Amino acid sequence: MLRVDPQQRRRLEEIIRSLGDRIEEARANGWLGEVQGLQISLEAVRSKLSSLDRLARTRNRAPVTLGMPIIPGGDR
């Protein structure tokens, strides 16, 4: 699975706005098949945006120190 570049956030937001406009236009013209296809695309872009947000939240966490493992019988 490919990760979205965090620098592309504005572009994803622009795509969401554009798809919303295109869905409105398709509804106004009665293009029901087009509406359905655009809604699928819109959900995919929203999913990418939420994964980008999730990545940003986890990236800002401090690393966890696990320490050195103790290996039994390793003193030979």
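Colleague: How many helices and how many strands does the protein chain have?

Modeller: The model is a predicted one. Its helices include α1, covering 9–29, and α2, covering 32–59. The count for the protein chain is two helices and zero strands.

Colleague: What radius of gyration does the protein chain have, beside that of a compact globule of 76 residues?

Modeller: Along the principal axes, the C-alpha atoms fill a box of roughly 80 × 20 × 15 Å. A compact globule of 76 residues would have a radius of gyration near 11 Å. For the protein chain, the value is 22 Å.

Colleague: What percentage of the residues of the protein chain count as buried?

Modeller: The protein chain exposes about 6,900 Å², and carbon and sulfur atoms supply 52% of that area. A residue counts as buried under 20% relative accessible area. Among the 76 residues, the share that counts as buried is 17%.

Colleague: Which element gives the largest share of the largest nonpolar core?

Modeller: The largest nonpolar core has 12 residues in all, including Val 4, Leu 12, Val 35 and Leu 52. Two or more of its residues come from each of α1 and α2. The largest share, six residues, comes from α2.

Colleague: Is Leu 42 buried or exposed?

Modeller: Leu 42 is found in helix α2 and belongs to the largest nonpolar core. Its relative accessibility is 9%, and the cut-off for buried is under 20%. Leu 42 therefore counts as buried.

Colleague: Which residues does Leu 42 touch, not counting those up to four places away in sequence?

Modeller: Leu 42 and Ser 18 are 24 residues apart in sequence, yet their C-alpha atoms are 9.4 Å apart in space. With residues up to four places away left out, Leu 42 touches Ile 16, Leu 19 and Ile 23.

Colleague: With which residues is Leu 38 in contact, leaving aside its neighbours within four places in sequence?

Modeller: Leu 38 is another member of the largest nonpolar core. Leaving aside those neighbours, Leu 38 is in contact with Leu 19, Arg 22, Ile 23 and Ala 26.

Colleague: How far apart in space are Ser 51 and Val 35, C-alpha to C-alpha?

Modeller: Ser 51 has its place in helix α2 and is partly exposed, with a relative accessible area of 22%. In sequence, Ser 51 and Val 35 are 16 residues apart. Their separation in space, C-alpha to C-alpha, is 24 Å.

Colleague: Is Ala 62 buried or exposed?

Modeller: Ala 62 lies in the segment after α2. From Ser 50, Ala 62 is 12 residues away in sequence and 21 Å away in space, C-alpha to C-alpha. The relative accessible area of Ala 62 is 62%, and the cut-off for exposed is over 50%, so Ala 62 is exposed.

How values were computed:
Residues are numbered from 1 along each chain as its sequence is written. This is a predicted model: local features need pLDDT of at least 70, side-chain atom pairs count only at pLDDT 80 or more; totals for chains, interfaces and linings use all residues. Side-chain values use heavy atoms; hydrogens and water are left out. A nonpolar core is a set of buried Ala, Val, Leu, Ile, Met, Phe, Trp, Tyr and Cys residues joined through side-chain atoms within 4.5 Å. Buried means under 20% relative accessible area, exposed over 50%, partly exposed in between (1.4 Å probe, protein chains only). Helices (H or I, at least four residues) and strands (E, at least two) are DSSP runs, numbered from the N terminus. Contact means heavy atoms within 4.5 Å. The radius of gyration is taken over C-alpha atoms; the globule rule is 2.2 Å times the number of residues to the power 0.38. Accessible areas come from the Shrake-Rupley method with a 1.4 Å probe; for residues, only the protein chains shown count as cover.
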